[in-house]
Amino acid sequence: MISFKNDYSTIAHPYVMDKLISYRDEINEVYGDDYHSDNAKKLIREKIKCDSDIYFISGGTITNMISISAFLKPYEAVIAVKSGHINVHETGAVEGQGHKIIEVDGYDGKIRREDIINVIKKHVDHHMVKPKLVFISNATEVGSVYTKAELKELKDICVKYDLYLYLDGARLAVSLSASDLSYEDYAKLTDAFYIGGTKIGAYFGEALVINNKSLAFEFNYSLKHYGGLLAKGFMAGIAFEALMENNLYYEIGKEQNEKAKYLSDKLKNIGISFNSNSKTNQIFPILNKKIVDELLKEFSFEIWDNISDDKIVVRFVTTFKTNYKDMDLLIEKIKSLR
């Protein structure tokens, strides 16, 4: 079975794996009080050019849940697009901690300035939850990316209305390659964001970067309280050491985007239309049911949405492991079934 299902089905990028194995005989301090974690944080700070607080957490859902729960008072709420990861794919983890998610339509998977203003206008007193944090992802759930101008506009409106801007960076590497945003921009324009490792070549781990010092106060207590403090923190430290060295993190994202563009262009050339204008490593072709049923016999991928009885949106995801031969096989199979 050839997989285009997601970008975290392999153990790790070869360089990350080699790095881990090279330290197999080491004895390290635990709970993140080790050289590798300190060095990884140093390498991240060099890229973001900011003395932010950094914490290594196992995965995206727990990072979002702990961060949002720590940042907000019990009555404070989150603004997110309907397709936002915390709203759709995290089993109510944030709302399970008592923080309502206020849905907005957005556009192309992204929150707009007017979406935030409309929410603020509707939440007028203490009989309602208080909007306090804007949740966004880059890249988004539909593969689109925020530009620097768009992120700055969101930051400005958050400052105006005293809101926190929090960015889910599960696929930050592909956004760095596909947009005009830099590591430094993310540090300047958000209160907190995370650098995703799980979907970008690490065996596990996300690096939470808290830029707003008031939000970092006693965050380590929340991290432990919610079960997010890694006993073997040095393992996440080693992974991020490897990803931050030699610009590897950026290069993985760039490679994944290039492969997705190759696949997308080839599919467009044979007349396939798409449900999203993705610029990153997730693409969303529209196929008829017969083609989908046949493809599933040889390929693994996500069924994303059912447009009609016969029209289905699927998701193909490319990774550092994806090879061009497999993509050509997929293209030829679709071509033969049309």
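1. In this note, two residues or elements are said to be in contact when they have heavy atoms within 4.5 Å. Helices (H or I, at least four residues) and strands (E, at least two) are DSSP runs, numbered from the N terminus. The structure is a predicted model, in which local features need pLDDT of at least 70 and side-chain atom pairs count only at pLDDT 80 or more, while totals for chains, interfaces and linings use all residues. Residues are numbered from 1 along each chain as its sequence is written, and side-chain values use heavy atoms, with hydrogens and water left out.

2. Helix H5, residues 113-122, and helix H6, residues 148-160, have axes (lines fitted to C-alpha atoms over the stretch in contact, with angles from 0 to 180 degrees between N-to-C directions) that come within 9 Å and cross at roughly 20°. The two helices H5 and H6 are therefore roughly parallel to each other, a term for angles under 35 degrees. H5 passes H6 in a right-handed crossing, where right-handed means that the near helix is turned clockwise from the far one by less than a right angle, and left-handed anticlockwise. On the H5 side, Arg113, Ile116 and Ile117 meet Glu153, Leu154 and Ile157 of H6. The contact of H5 with H6 has 4 nonpolar, no polar and 2 charged residues, where Ala, Val, Leu, Ile, Met, Phe, Trp, Tyr, Cys and Pro count as nonpolar, Asp, Glu, Lys and Arg as charged, and the others, Gly among them, as polar.

3. For helix H12 (residues 248-269) and helix H14 (residues 324-337), the axes come within 10 Å and the crossing angle is roughly 20°. That makes H12 roughly parallel to H14. H12 passes H14 in a right-handed crossing. The residues that make the contact are Glu258, Lys259, Tyr262, Leu263, Lys266 and Leu267 from H12, together with Tyr324, Met327, Asp328, Leu330, Ile331 and Ile334 from H14. By class, the residues of the contact of H12 with H14 divide into 8 nonpolar, no polar and 4 charged.

4. H2 and helix H11 (residues 233-244) pack with their axes 7 Å apart, at an angle of about 35°, and the crossing of H2 and H11 is left-handed. H2 contributes Tyr35, His36, Ser37, Asn39, Ala40, Leu43, Ile44 and Lys47 to the contact, and H11 contributes Gly233, Phe234, Gly237, Ile238, Phe240, Glu241 and Met244. The contact of H2 with H11 includes polar residues, the division being 8 nonpolar, 5 polar and 2 charged.

5. The loop between helix H2 (35-48) and strand S2 (53-57) holds Lys49. Phi of Lys49 is near 55°, which is a positive value in a residue other than glycine. A reader may also wish to look at the peptide bond that joins Asn138 and Ala139, which is cis with omega at about 5°. Ala139 has its place in the loop between S5 and H6.

6. The largest pocket (on a 1 Å grid, an open set of points with protein on both sides within 12 Å along at least five of seven lines, lining residues having an atom within 4 Å of a point) holds about 330 Å³ of space. It is lined by 19 residues, and the closest to its centre are Tyr8, His85, His89, Arg171 and Lys199. Helix H3 (60-71) and strand S12 (302-306) each supply at least two residues of this lining, and the largest share, 3 residues, comes from S12. By class, the lining of the largest pocket has 5 nonpolar, 7 polar and 7 charged residues.

7. There are 2 cavities of 30 Å³ or more, a cavity being a set of points where a 1.4 Å probe fits but cannot get out. The largest cavity has about 70 Å³ of space, and its lining is made by Val81, Ser83, Gly84, Gly109, Ile111, Phe135, Ile136, Ser137, Thr140, Glu141 and Tyr146. Strand S5 (residues 130-137) gives the largest share of that lining, 3 residues. By class, the lining of the largest cavity has 5 nonpolar, 5 polar and 1 charged residues.

8. The second largest cavity has a volume of about 40 Å³. Its lining consists of His85, Ser137, Ala139, Thr140, Glu141, Asp168, Ala170 and Arg171, which by class are 2 nonpolar, 3 polar and 3 charged residues. Ala139, in this lining, is also a partner in the cis peptide bond with Asn138.

How values were computed. Angles under 35 degrees count as roughly parallel, over 145 as roughly antiparallel, 65 to 115 as roughly perpendicular and the rest as oblique. Grid points are joined across faces, edges and corners, and a volume is the space filled by probe spheres set on the points.
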